[in-house]
Amino acid sequence: MKRFLLPLLVHSAFVIPHVSFAAEPPTTPILRIEAGMHTATIKRISTDAAGRQLLTVSYDKTARLWEMPSGRLLRILRPPIGENSEGNLIACALSPDGRLAALGGFTAINGDPGWSVYIFDTANGQMVRRLTGLPTVTFGLAFSAQGRFLAAVCGGGGLRVWEMSTGLEIGSDAEYTQQSYDVHWHDEERLVTACYDGNLRLYEMAGKSLRRSRLVPVDGGKRPYSVRFSPSGRFIAVGFDDSTKVSVVDGRSLAFLFHPDTAGVDHGTLQQVTWTDTGDDLAAAGVWGNEKGNCIRLWPSGGHGRPQDYPAASNTITDLRPLPGGRIAFSAFGPGPVTGVLAPDLPRSTSKLLWLGTTTVADYREGDPNQSHLRLSDNGTEVSFCYESNGRTPALFSINTRKLDVEKEASHSLGRISSLKPPARSGLPITDWGGTKKPKLNGVALLGDYETSRSLAISHDVSSFLLGTEWALHSFTAGGQERWQVPAPGVAWAVNLTDHDRLAVAAYGDGTIRWYDYDTHQELLAFFPHADRKRWVLWTPQGYYDCSAGAEELIGWHVNRGQDHEADFFPAAKFREQFYRPDIIQLVLPNRDVAAAVAQANAAAGLRTASIEDTLRKMAPPVVELTTGGPARTLELAADATEAVLTYRVRNGSTPVSQMLVLVDSRPVEASAPIPSDAKEEVRVTVPLPGRDCVVALLAGNRHAFSEPVLVTIRRKAAPRPSAPAVPKKGVLYVLAVGVSQLRNQAALPDLAKLEYADDDATAFHRALALQTNLYQEIESRVLVDDEAPAGDILDALEWVKNSTRPEDTALILLAGHGESDAQGRYTFCAHDYDRNRRLRTGVGFEDIKLALGATKGEVVLFLDACSAGSSLGAGSKVDVSGLVNQLSDSDSNIVVFASSDGRTPSLESDDLKQGLFTHCVKEGLNGKADLLRNGRITLSALQTYVDDAVRELSKGQQIPVINIPKMVPNLTLGLVP
């Protein structure tokens, strides 16, 4: 067969990066968002033969493996990536047994002259093979029915087929004049492709030899996009990128058979097609929907029946795959990428949608191009935006105060939004900029053929303007000459300029809002407000960051390990000491220069900084690979099993591994976990188990940090007996309540005003928990107030908690009083005998609290009503509560923290309530008001919601609590409604 390569004809959805010549991906660490779900468009999905796992790939350069039908995220696969589009993933395939994942897309990294397909082992996340030499970007991948072969189709490069046991290419067809987006197998013998040249191509395998048997134009459209065999192989369904039709052709001759009924599909396309698992029904979707959303149209009777439409998403549906039982997995464009399962019920014309993952990104789509919700203060330090499209759920963020106000919870300050400035849209004759490919200045087009304009801001002096598009941020002069452009991390849904045109700001489809110097186009800051409306993180391109409690996990460093290895990923928290720098963040916009901000902050704090490359070289944590539990990381054990045996490997970080840590449901257990001698040695540990389902975590530590935990879920085969109580009694509840209203040296500490109710708070906290005799087998308490609470006695009480608890026990601790930090930011709880000249002996230091509670074997929740109690610590306080909470919640400690305020707002006391507002709300929640589901239980998550809302409401927004539940901690039941 003659082989040739034509230049790639670029579809509007893709831009092929320039290819130069170099060998390896960049070694410089790359800062990435990691919010637990894709942050960019999900392009393709794939399932194993049993429908137990689903694989997704995205423009965010990751692949994610999900457990079905639970939707639990099992693993993130990280191939090498580079700058701009290098590393964007477009194609994927999961082997029939679910053991291998093939990934393709923009894989020519750092100028590599060839394109690759990466093969990952789903059990351990390692890259096991790289198939190389592809001429262009890979758009479609498919395993044969038994997993012996893998096929790939490329943009203008045709078809390639490899034998998986050897990794050798065994067949190809380069005689494609345009790009091909889909390939599909029937058994091990036949495969079919669709091509934009209008043809279907059918291939047959004879042993290990590939032969093209048919090349047939298909009726229904000029650009066939997707092709799928029916389960029997008798039929092939075809979807088109330029037509509302769907075609069904013969599975052997490719002869046209019929068009399913597409009446009512009067716009868009049905480019994605699939058959249900039995072949009884045919489904299609794409850029089409009704008033309820983009629909999946399903035809019974093999495509001949009357269609039923199922609204499934708010935007373009990008892929469809069959699952057992007639279910259909799908993916869709965001904002907030969507992956879900449609479970249709045709007789009743209803359906059930099951969602995988949760939306993590804000939706900045404006809706009305004449209104913008991206508003700025004159200096750019305050920004307003909306979490939902068309102006819904407004929010206000201040860089200077580190405060995020959202909708009704902070309506007292959202009035500030009206004083912020929207983008200017008048003064220049710019037209057709809202959602078209032809924005014009004085009637002259500004962009090329493939870029869609989305947003506009005109400079205040009318000398230039900013244009946001699908792919880039552009600045033009008033005459239409381009001043600069920078690649966009997502669609630039909104743009704005500050007063005097010093800063450009853009809100992107990846959920970030980014600040640029308008003269030099250098990025200065990026802000990611998580869709949960609580967590946020703000960072510079160099990696210096500020964040709310629990938000450090939202960014981290992707570190390439060469073309033939999976990349490492280290969350920002691993390098907190070097890169958590709110002081730098505060200075970036006033300086319009990150280097100047770093120098100024370091001079003020007496610090020095290192690059991320140097930091990783000196302080990188180890990496643990769990070799037990398969891709699902799950072990099924007998109901009476008392231990589990796990096997693992460890790769050293910057220094050798010095300890192993074993956790069960986030708490440490005694288990002898050996340290492997090298990265290839597999060792085992025997872990004692509680008499229930649980999650076991392994961590490896070196002198600098612990690794990220690797988790395995332990499930019992036998179901609980029906006679078991609805809420079985837990172990012992240990209550430590400390309240210091009066300091012994009060006269010497005039800035630490006497508190009225901290001692009463401790007593009320104890009384509320003393009622929980129906939940706990026993309740042990210590209450220390005022002169009963010198530093030594508090430390002894913390030691009592640490030494007394067992894995089945629970410890709830309240520290109410004053707290402050020294010049280095080290936090101290002020005991009754507190003396600033003898801080180590008379205060309870943060390190002591973390060491004691982190080593406690039972479940631990700390209530800290001492962040800025009374008037002691006001707006100028050095207490960084978010930083404290994040340190307590590290994966090696997993301490749940409820803190009364953010350190910048006071912790208020109420003469009417005779209590501190925070402890009053905690008490009320434990007494039943946090039973939000009305099921008689007070859970961690419900108490978090109740306390956060109640404190804000009672204080009229003056006090903002900080609450963090580490992701490894289960949603504990803390109490029952009395």
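Axes here are lines fitted to C-alpha atoms, for helices over the stretch in contact, and angles run from 0 to 180 degrees between N-to-C directions. The structure is a predicted model, in which local features need pLDDT of at least 70 and side-chain atom pairs count only at pLDDT 80 or more, while totals for chains, interfaces and linings use all residues. Residues are numbered from 1 along each chain as its sequence is written, and side-chain values use heavy atoms, with hydrogens and water left out.

**View 1. The crossing of helix 11 and helix 12.** Helix 11 (residues 917-929) and helix 12 (residues 940-954) have axes that come within 9 Å and cross at roughly 135°; helices (H or I, at least four residues) and strands (E, at least two) are DSSP runs, numbered from the N terminus. The two helices are therefore oblique to each other, given that angles under 35 degrees count as roughly parallel, over 145 as roughly antiparallel, 65 to 115 as roughly perpendicular and the rest as oblique. Among the residues in contact (heavy atoms within 4.5 Å), helix 11 brings Phe-918, Val-922 and Leu-926, and helix 12 brings Tyr-946, Val-947 and Ala-950. The residues of this contact divide into eleven nonpolar, two polar and two charged, where Ala, Val, Leu, Ile, Met, Phe, Trp, Tyr, Cys and Pro count as nonpolar, Asp, Glu, Lys and Arg as charged, and the others, Gly among them, as polar.

**View 2. Helix 6 against helix 11.** The axis of helix 6 (residues 758-770) comes within 9 Å of the axis of helix 11, and the two cross at roughly 10°, so helix 6 and helix 11 are roughly parallel to each other. Asp-761, Ala-764, Phe-765, Ala-768 and Leu-769 of helix 6 meet Thr-919, Val-922, Lys-923, Leu-926 and Asn-927 of helix 11. By class, six residues of this contact are nonpolar, two polar and two charged.

**View 3. Helix 7 packed with helix 9.** With axes 8 Å apart, helix 7 (residues 791-804) and helix 9 (residues 846-854) pack at an angle of about 20°, and they are therefore roughly parallel to each other. From helix 7, Leu-795, Leu-798 and Lys-802 meet Asp-848, Ile-849, Leu-851, Ala-852 and Leu-853 of helix 9. The contact holds six nonpolar, no polar and two charged residues.

**View 4. The second largest cavity and its lining.** A cavity is a set of points, on a 1 Å grid over the protein atoms alone, where a 1.4 Å probe fits but cannot get out, and lining residues have an atom within 4 Å of a point. Strand 31 (residues 382-388) gives the largest share of the lining, four residues.

**View 5. A cis peptide bond at Pro-69.** The bond from Met-68 to Pro-69 is cis, with omega near 5°, and Pro-69 lies in the loop between strand 4 (63-67) and strand 5 (73-77).

Methods:
On a 1 Å grid over the protein atoms alone, a cavity is a set of points where a 1.4 Å probe fits but cannot get out, and a pocket is an open set with protein on both sides within 12 Å along at least five of seven lines; lining residues have an atom within 4 Å of a point.
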